[in-house]
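Here are some notes from my pass through the model. Have it open next to you while you read.

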Amino acid sequence: MSSHSRTSPDQKKIALIGNPNSGKSTLFNALTGLNQRTGNFPGVTVDKKTASVTRVVDKNEHSFFYIDLPGTYSLYPKSPDEEVATSILTDKNNKDFPDLVVVVADATSLKRSLFLAGQIIDLNLPCVLALNMMDEAEKSGLQIDIGRLSNRLGIPVLPISARNKDGIDELEKLLASHNDLPAYRFIDASSIAKKATDLVKAEHKDRWEDYVALYRANRLYETDENWRERLDAVGFSPTTAQAEESLSRYGIIAQHMEACIRKGSGRSPMIKKIDALITHRVWGYVIFLFIMLAVFQSIFYLAEYPMTWIENGFASLQEWCVSVMPEGMLTDLFINGILAGLSGVVVFVPQIALLFFFIAMLEDSGYMARVSFIMDKLMRKIGLHGRSVIPLISGMACAVPAIMGTRTISNWKERIITIMVTPLMSCSARLPVYTLLISLVIPDRMVGGIFHLQGLVLMGMYLLGFIMAILAAWILHIVIKGKGRSWFVMELPVYRIPKWSNVFYLIFEKVKVFLFDAGKVILAISVVLWVLASFGPGEDFKNVERDIAQFNTISGDTIFGMPEGNQFVLKGDAIKELESRKLELSYAGRLGKFIEPAIKPLGYDWKIGISLITSLAAREVFVGTMATIYGAGDDENVEPIRERMRNATDPDTGKPIYSLAVGLSLMVFYAFALQCVSTIAVVKRETQSWKWPVIQFVFMGVLAWVASFVTYQILV
Amino acid sequence: MNNDNLASLNPGEKAIIDSFTDAELSVKLLEMGCTPGEEVMMEKVAPFGDPIAVRVAGYTLSLRLAEAATVKIHRVKNTN
């Protein structure tokens, strides 16, 4: 899905571009506030953030359309995600081609920022330089002669501090009035790869400037097979040309720096000490462990309160609807299909908000880069990146926010592997399943005097998930072919106090994306599952009510109702029995029986088969389905369900169904199978295709089947 | 002396960048300000010896050892 940019002719299109950590997002937030919309760029996984804003500048109303381009150091893309900025800025026919470019520069790291600014200038795009973090630069004793820099660059230069909203009004004024092309070029590109640029120039009617032609030659070489041959023939090498260009740029930058900048004092010794502690070989990991513990605990426990409110709120709403709406299929669809599905979507919001609160804090403070720094070597061994650590650990609470958090991993392959293995970590939805099954098949006794055997088994399940995630990552690392090399070449940004509004905007954006993008898929599948469980084929399903009433009339041992025309009023246990029979005869029930041969080797009967199908909606639904099947009512009180499951026997052998072998086999199945539509929906949204969620579903399903098979066959 | 690379520096040591041995990586490093003639200082090494962080062009850059090994340097006397 992509939210289309709504632009009208009188809107001025303004693109924001800058290095990572240049404060570009902060500026975007300051300029646009809550007007921003998040969509997708076609074909890549970076979010497209845009905003239409109307402002009164100098008594005239101005309408701006802002596009936030992904952070980059150069206009030569190193990954498909970086390709976005390139394609927008160099194609006049692109619908997002801007009228004006704002280059956001980090004043404390001006050299690198001027590199990107120089490329924009040389592409001859109308642009202004927003010199961000001027307050910090001044604090560190850095003096920048703004007027002189502006004169030398030939574009307006404006000092701002996006964090403190300093200079935003002046910037808007400039954006409203400025339309000029840069006064002159940044570098003289005429001598670089001359034969190639001549070739490119000759092909086009409008006389291209030297740099535009050089840039085209580089791009054509990457994208056009035919051009590549022709450029090869004149001895063109993009790496050589780009290296020459970079050298030339930094040569000019050195001159500008020399003329406009007085050096500051450098970083404070205090910061150096903190940094040494955070990346220390012992304390670094202790601090990291402590922070992750805090993150994990809050997603796990803190989120539970709002989640309970949401669930109770929806339950009350459903009850209220039952009381006021007329009985019928549509009502049932609305209450048990749509409302239940919505509840299943909204219930994830607290966890997502909490995780992104922490991710924003860690990212904005500069700590995330240090985590990557100390974890990279360990993670690399299994094909992951230093940045994979936080999604993986968050996956122990819930895979949904964790997978949304993989955005910070820039390498495609490392990100895909992280997404693929995160659902193997034991999430909180598995806990009710484990709890029920452990209390059913594991004896409650002590081991070694201090350990509860049940507790040990529970811990074992968590460990099992973790080990399998590591193993799977290692295998995928070998199997998946990488797109592009994995770099660790990145900036360790300066430590900063996180900005609350940035944290808020990130949470807001992520929650919105989840609700409206992933939410649709989750809702749709929930409704399908509801249909499967509520309807059945043939006469049996239709007649189930009468059959039960008749049966009870004959046996005479239950309170039952009298036939009133074709209606039977069922009471007491007969209602539970009806629910149980209905489920058995429904499509889901038939499906459960249909798959019985496939799950027989794992030790499961069709009743478990039904639960496997219904818990596709969410793993914890297993408990509710079991309750319904065994006629224990669908309140989630474990006690009666457990008793009935314990007493359940195999009709052929007379032995209990829930033996140790079946219990453990079932737990292993839930540990590995992707029984979660929300995860599927989020993986689809994050990878922008159905390919990966399908692969993931199949690979985890096969893994679950094999592992459960082995478990059952060994123990039985 | 001339075979020195960025990966061989000890924390606190300074050097001047000479050249690169990996063309593809050099494009990236050049863009990020690691130009020949630029001074670099080894800032710190991650636990387990990899990756490393160097001070260059007014900021801290981290890179893996294998990546640093493609940057040829010559050491300069520490002025601190």
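This is a predicted model: local features need pLDDT of at least 70, side-chain atom pairs count only at pLDDT 80 or more; totals for chains, interfaces and linings use all residues.

1. In chain A, helix α19 (residues 412-421) and helix α21 (residues 453-479) have axes that come within 9 Å and cross at roughly 145°. The crossing of α19(A) past α21(A) is right-handed.

2. What sits where these two helices touch? From α19(A) you get A:Ile417, A:Met420 and A:Val421, and they meet A:Ala469, A:Ala472, A:Ala473, A:Leu476 and A:His477 of α21(A). By class, the residues of this contact are seven nonpolar and one polar, with no charged ones.

3. Next, a hairpin in chain A. Strands β3 (residues 47-57) and β4 (residues 60-68) of chain A pair antiparallel over nine bridges, and A:Thr54 has A:Ser63 in β4(A) as its bridge partner. Two residues lie between the strands, and A:Asp58 in the turn has a positive phi of about 50°.

4. Now for the contact between the chains: 26 residues come from chain A and 27 residues from chain B. On the chain B side, the elements giving two or more residues are α1 (23-31) and β4 (59-63) of chain B. Of these, α1(B) gives the most, with eight residues. The chain B side divides into 14 nonpolar, six polar and seven charged residues.

5. Last, take a look at the strand pairing across the two chains. Strand β12 (residues 490-492) of chain A pairs with β4(B) in the antiparallel sense, over three bridges. Which residue of β4(B) is the bridge partner of A:Met490? That partner is B:Ser62.

Notes:
Residues are numbered from 1 along each chain as its sequence is written. Chains are lettered from A and ligands numbered from 1 in the order in which they are written. Two strands pair if DSSP finds at least two bridges between them. Helices (H or I, at least four residues) and strands (E, at least two) are DSSP runs, numbered from the N terminus. Axes are lines fitted to C-alpha atoms, for helices over the stretch in contact, and angles run from 0 to 180 degrees between N-to-C directions. A crossing is left-handed if the near helix is turned anticlockwise from the far one by less than a right angle, and right-handed if clockwise. Two residues are in contact if their C-beta atoms, placed from the backbone, lie within 7 Å. Ala, Val, Leu, Ile, Met, Phe, Trp, Tyr, Cys and Pro count as nonpolar, Asp, Glu, Lys and Arg as charged, and the others, Gly among them, as polar.
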